[in-house]
Structure formats: structure tokens, C-alpha cells
Amino acid sequence: MSGEGPPRDKAALAPLLASLSERIRSFAVDGDSAPLLADDTVGTADRLRLIAEAFPSDGSVGFDVLHVLSYVHWCRYLALSGDERHVEFEAAMNLFVHLRQSKPDLLPPPVRQLLQVQDETGEPGNGLDEATSQAVLILQSDTCDADIDRAIALLRGALGVASRWHPSRAMALSNLSTALYMRLQKSGCNADLDEGIDAAAEAVAATPPCHSNLPSYLTNLSLALRARYSSYGDVADLNAAVAVDRRAHRALSPGHPKRAEVLLNLSVALYTRFAAVGQLGDLTEAIDVSRRVLRFVSDSDPVRVMTLSNLSGLLMSRYSESGDGGDLEEALSSIRLATQKASGEDKATTLANLGAVLLARFERLEESADLDEAAQSLRTAVRTLPRSHIDRAAALLNLCLVLQTRHERTGDPAELAEAIKAGQTAVDTTPLGSTDRSKRLSGLAVAIRTRFEVTGDRSDLDQAIQLGRQAVEESPPGHGDAAAYLCNLSNRLRIRFEQSGDWADLTEAVQTARLSVQQTRTGAPEAGRALSNLAMALMTRYEYVRDLDDLKEAISAGRKAVHAASVDASNLAGMHNNLAIMLRVRFERTNEPAILNEAIDASRKACRVSAPGDPRLAGRMSNLSLALQARQQMFRKAEALVKADDLAEAIGLSRRAVELVPALGPRRASFLSGLGNALRARFDESGDPVSLDEAIAALQEGFLNLPDRHPDQVRMLVNVGAALQSRFAMTGNQRDADAAIRAWSTAAGIQTGEASARVNAAERWGALAVFLGKASSALDGYTTAVRDLPIAAWRGVGKASLERLIEDRLGLACDAGACAVQAGLPEQGIELLEQARGIMWAQMLETRTDLSELAEARPELAAQLNNVRAALDCFESARLEE
């Protein structure tokens, strides 16, 4: 058992008894009160009491300690003056009452006479006993508010007229504390708190060490202290409750009937302090205490079900902190046992807890059987629990989360609708001010955000953000889940920015992500997710602003996320993949070979730790292939020895990615594009015609996988045309040249594609047609390129894309003009030359445009246009995983 306390060693009693006995003798025999009134006397007496409490079944210890302590207080009463005398007198009389029952002749004569007079003239001896018995009968029955009030009145009345030294006074006081606690639980009124604590504390003070009722009295005091902590949040009350519960545990005899109750209360107090302060030692001790209870509670004892359920919850709390799979498995085993043995409402409660544990295991192992069993358990629990039951709202929340997760796997809209209904009911039935409300708001927000992903309804995203804000605002200070709520809110704000372009959303997303990281405890399993979310927010801002500091910080957060995540974290592969993407983007910006090598390593890890059957594995393989191709191109540009292994591996990965996505659609098309480009790169290195043929086939198939007018059709056709041109150059087959021109001319006419890609396609079309001597077709190609150039180079595109466009199109004006002249149309040639040059010079000189005038006249419209520009200027990169 953890926790500090006095030693359980009888040998420690002897010197304390001897020291106090000598002080009594010095006062009684020698008339010397100095040792008795020394500063350490009270501390020595308290230590003797605490050590003696650890030997409840040893009658000799109890008698010796009772004898010495009663005389220490009596002699100090005689030696002192002032108010202190009264305190010592009361303490001595409380102990003499018990000493009188075993050795009345040992009492000082004045005490014997005082108690004798009390017996003869005071309230009849059984008045307090009768009132206590009646109150206990009332409290043990199915009580209503009036019954509890009657029990309290009985005890107050009897205590008011009974002697302060009545031998049953401690029992009556402790029962009064219990009755006041019961009324507090029913009414929620804090008026009884202080009276309940005072009554329980007085009961403990009036009970000698080794008394069989002491553990129960201490437990009642702990309950009252915890109740006051729940109302006012003073951790001092919580610390006192833990100390009192530990004392109650030490005072238990081996076969004490309240043993399980005392230990379970200690476990609850320790967990409550862990939740408040965050000391993992308290949680571990609470788990150890619950395990100890299970070792002596029989299978038929109803306490066993409650203990198993509590142990499961404690283990889940530690699992949330440490990510230890062993805790998760023991929690599941414990709650299964509890469910098997429970009945009635207890059965429903344990089923609700079982569903929560199964959801956690699904999130770890992603086994659908866990998710299905969780849904079944929680549906049964919600259906069985009364609407007013304290655990029903928690069960509804977990049902919401389970069904929302299952919808993500099955796409069943009925399950998502049921999830949102359950989440809304959980929120609606949780009182304002409840510490559980923030968690339920957050759970509902998750389900509604999922509906947004399905329908695209912006109002759902707005509602999810609003609920997320409420969850953050209603979280108590220091709440363990506050960081997760901030993380979720940041994620949704970033998504809304991507929908609306509202820069305030992205700014808040970054700020909120930073707060989430700051509030996440170092070493907590959630640290990886919080850091990964910060990386995504910063990366999004980099895509629009191109600030290298944002990219560097995003990479730093991504690295920390990977290091913070446990080796079996369900999102570890996604974190590695996101880090790899960010590193590759930085390489494209800075051309640092070490950065590209790190990107490749991160991509390899992402593929290696991906679960079998993970639908995201194909994308991760494709990203690794792209990184390997980038390294191959880097070596080629540097005229260094190309790593053939990189290219071979890139092709193999791209093939596998295509195989993993058999369904037609844009996703398969992107992987076919990656495969085609990798095969083209191998042809460029080796001249292998088979590789080029396969590249063309892959790119053509990729185009066919895209729906009509899909934006990616333009780039796909540009690559198809380039590959066909390469084969024409190798074989001289005119059909390939004609097919290349058809691919580029088609791409140039797809208005939904990126304008700069259309200009590229048209320019390639014109150049190849010139080479083939097809002047009319060449002029059409160049004319199309110049016609689309203003769209590609409009002021809104932004500096980054503009610089790339100018660099790539420097020769377009001359080529277009020359083509027109060769076609016998010099006037058109001059027109094309001047038009193209004018556009390029205007952009390079940043002359005044309508956009600058718009910014002066209508700044809000200019801001919206700037958001569009930012989106268009966003560089091409693989999407980060959520």
C-alpha cells in the first residue's frame, strides 16, 4: 500500500508509552509540570494514538494506550490554566468513559464521582441509544426526504440532552454525519456540509484507538470532506479525506465487516485527488487498493461487482495517461466479469462501461468486432437505464461516439443520425454547471462534424465549432480533457478556413493548436495528436503565405508528434506520413539533401507501421514513391550517380498503390499518374522502351479514371502528351506525335483545369506542331496559349505562382510571333508578340491594376479575392492526413 503513515511496529509503542508515563509521574509524584507541558507532549500523544490504531485486535495495546492517553490529558488539564484546560478536560473525559467500562477503579476519584452524578441525575442512559437505533433503522430503509429529516431531528434532539461523555455519543455523532451526507446527496444543498464534518470529526475524537467502530467513523468523516471538496473545490479537503481514509485502512482488523467499504472509499478518494492534481501515484495506489479488495471479497458479494467496475474505470484512466495496452486489457477483463455477475440497473451500468472500454480497444487495435460489441452493449444499457439514472447520459455519449465511428467504416447514414440523436440527448440531460457537460458537448461536436463531411452542409461545421467552443469554455480549470477539446476546435477552424478562406479562422486555428500543445501533459498519449494538429495548422498557413518559418515550425511539431506517440498508437503511421510530406515540401523549397533523406525515412516508417488493410496505405506508398523520385531527380540534376534502387523502389511502390485501389476514380488516377511518371523517369535513365510503353498505358488509364471535366485531367493529359512525344522522338512514329498533339489540345480546352497547366499544354502543342511542319495547328496552339496567359498571370495569382509562370513562359511571345510569321500572318504575329510581352511585363513591373483599385473602393471584396488568389497559389502537395 502506498502513502506515508506511522509504522506498524509494536516496538515503536514502547518508547512513546514510557515517555508519556514518565511525564505523568513527574507531575503526579514530583509536582513537576514542565515535561507534561513541553511543546512535544501533544505531538507524542497524537503519534501514540496513530500507531496504536494499527493494532485494533490487540486488547493489551488498546488498554495501555487508553490508560496513558487519558491520564496525559487529565494531568495537563490540572496543570494548565485558561481555555486550554477545557480542551484537555473534554479529551480526558472522552477517554475515561471508555476506560471506565473495563477498569473503573483506575479513574481519578473526581472523574468517578462526576460520572456517577451524571448517571444518577442526567438523561436516562438509554435515551441516546434508542434515538440512534431508530435513526439507523430509518436510514437503512428506502428513505424519502422526510425520513432523512426525521432521522436528523431525532439525533440532534438526543445529542442535545445527552451527556457529552455518554459512551454512545460517538456513534450518534457519526450517524448524524451520515444522515446529513444523505440529505446533501439528495438535495444538493450545501447547508449541512460543515455540520456533517464537525459531527464526524467529533465522533472520531471521542473514539479511543483500537475501537472496532473507528474505521467506520473515519470513513464517514472522509465522505463529508469529499462532499465539501466537490462543492467548493478546496484541495485541502481532498488531502484531508485521503489522510483520513488511509487512517481508517490502518485501523481495520483482519475480519472487520466494513473492510471492503473502507478500502473502496480510499480508492475513490485517491482517484478524486488524481483527477484534481494529476499525480499518477495516487491513481496507481487507487488501483492497488481495488485489487486488494478483490482478493478477499467473495464471488457472491454484491461489492465485488462494484469493485470490478471501479477497477476497470481506474485502469482506463491510467491507460489514458500512459497508453499501456496491459491496463486496457485488464480493464476489459474486469468489466466483463462485472457484467457477468451484475443484475438489474447494475447490469445496465456495467454494460455501459463495457461499451466504453471496447470503444477504446477498437481505437487501439481497429478490430471491428470490438466496435460491434460496443454498440450492442451501449444500446442495451441506454434502453435499460431509467431516463433519470445518473449514468445514462454517459452511456448516451459513448453510444454516440461508437455509432459515429462505425458510420465512418460503413457509411450507414442511419447510424450517424442515431449517433447525433444520442449525443444531443446526452447534452440535453446533463445539467448546466456539471463537470461532465464539456465532454458531452465535445462528443456531439465530433458527430456533427462527421455529418458535415458527408453532406458538406456548412451549418453543420459551424455548429460543430460552436459546440467545441462551449466544451472549451465549460471545462473546469485544469480539466484533463481541455487540451483535446482545444485540439478538436483547432482542427474544425482550419477546415472552415479551407472552405471559406476566412483568415481569422486560420489564425485562431493556429493559436488554439498552440494552446492545446501547451495544456497537454508531457508524456501523455494525446501529446502526439496535439502536436500533429499544430503541424497541420501551420502547414495550412504555409501553403497560403509561403512563410518558411511556418514550414520549419510545422516540421518541428511533426517531429515531436512522432516522438511523443507510442509505438502502437493508431495514428502513428499518419504522423510519419504527414512529417514526410512536410519535409518533401521543404526540400522542394530549399533543396537540402538531408531533408529529403529524412522525408524518405519518415515515409518508410509510415508504410511499415500501417495496419494491414489500412485504406490509407496506398497514399503513403505513393508519397514514398514521390520522395524517391525526387531524390532520383536531385542526383540527375547534380549529374551524380543516380541510385537505380530508388527508381526501382519508387516504381514498385506505385504499382502496389495502384493495386490497393481497384475502384475507378480520382484516387486511383493519382496513383496511376505517379506510376507513369516513375516509369518515364526510368526510360529517361535507361532508354528502356518497355518502361515508356508502360508509362503511357498507366497515364492513359489514369486519365480514363477521372470524371469528365475533372481539374486533374489537364495535368494528366500534359503528362500523356509528354510521354507520347518521348516515344515519337525514339521511334519516329507519326501516330505518337499526332496523339501527343491531340492530348495537349484537349487539355488546353478543359476550362476547369488550372490555367497555367492549360497554357503549358497549348505551348507544347504549338511547339510540336511547328516541328512537324503543321503551321496551322501550331498557330492554333500558340494562339490558345497567349489567349489563356492573362488568366494564368492575373494579379490574383500571387507572387509565387507568378514567378514560376514568368520563368516558364519567357520564350512564349517570341515563339508565338515567329509561328505566325512562318504561317504567312505577320500582323497576327506582331499582335501575339505584343500581347504576350505586355502581359509578362505588366506582371513583372507590378503596374497598377483593377485589384488595387478594388482594394481602395471595396476592401471586403478585395479580401475575398485575395483568399481566392491564395487558394490558386497553393503549391501542389499530397494532402496531410487528419
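Modeller: Buried means under 20% relative accessible area, exposed means over 50%, and partly exposed lies in between. The model is a predicted one. Take the pair Asp-736 and Arg-727. Their side chains meet in a salt bridge, at 2.9 Å from N to O. Both Asp-736 and Arg-727 are buried.

Next comes Asp-738. This residue forms a salt bridge with Lys-774, and the closest N and O atoms are 2.8 Å apart. Asp-738 sits in helix α33 (residues 734-748), while Lys-774 is in the loop between α34 (755-772) and α35 (775-792), so the bridge ties together parts that are 36 residues apart in sequence. Asp-738 has a relative accessible area of 21%, so it is partly exposed. Lys-774, at 33%, also counts as partly exposed.

Now the pair Arg-246 and Glu-285. A salt bridge joins these side chains, at 2.6 Å from N to O. The link spans distant parts of the chain: Arg-246 belongs to helix α11 (residues 235-250) and Glu-285 to helix α13 (residues 280-296), 39 residues apart. Arg-246 has a relative accessible area of 18%, so it is buried. Glu-285 is buried too, at 2%.

Salt bridges also form a network. Its linked members are Asp-372, Arg-379, Arg-406, Glu-415 and Glu-418. Over the whole structure, the search finds 58 salt bridges.

Disulfides are another matter. A disulfide needs a pair of cysteine sulfur atoms within 2.5 Å. By that rule the count is 0. Cys-210 is buried at 13% relative accessible area, and Cys-400 is buried at 0%.

Methods. Residues are numbered from 1 along each chain as its sequence is written. This is a predicted model: local features need pLDDT of at least 70, side-chain atom pairs count only at pLDDT 80 or more; totals for chains, interfaces and linings use all residues. Side-chain values use heavy atoms; hydrogens and water are left out. Buried means under 20% relative accessible area, exposed over 50%, partly exposed in between (1.4 Å probe, protein chains only). A salt bridge is a side-chain nitrogen of Lys or Arg within 4 Å of a carboxyl oxygen of Asp or Glu. Helices (H or I, at least four residues) and strands (E, at least two) are DSSP runs, numbered from the N terminus.
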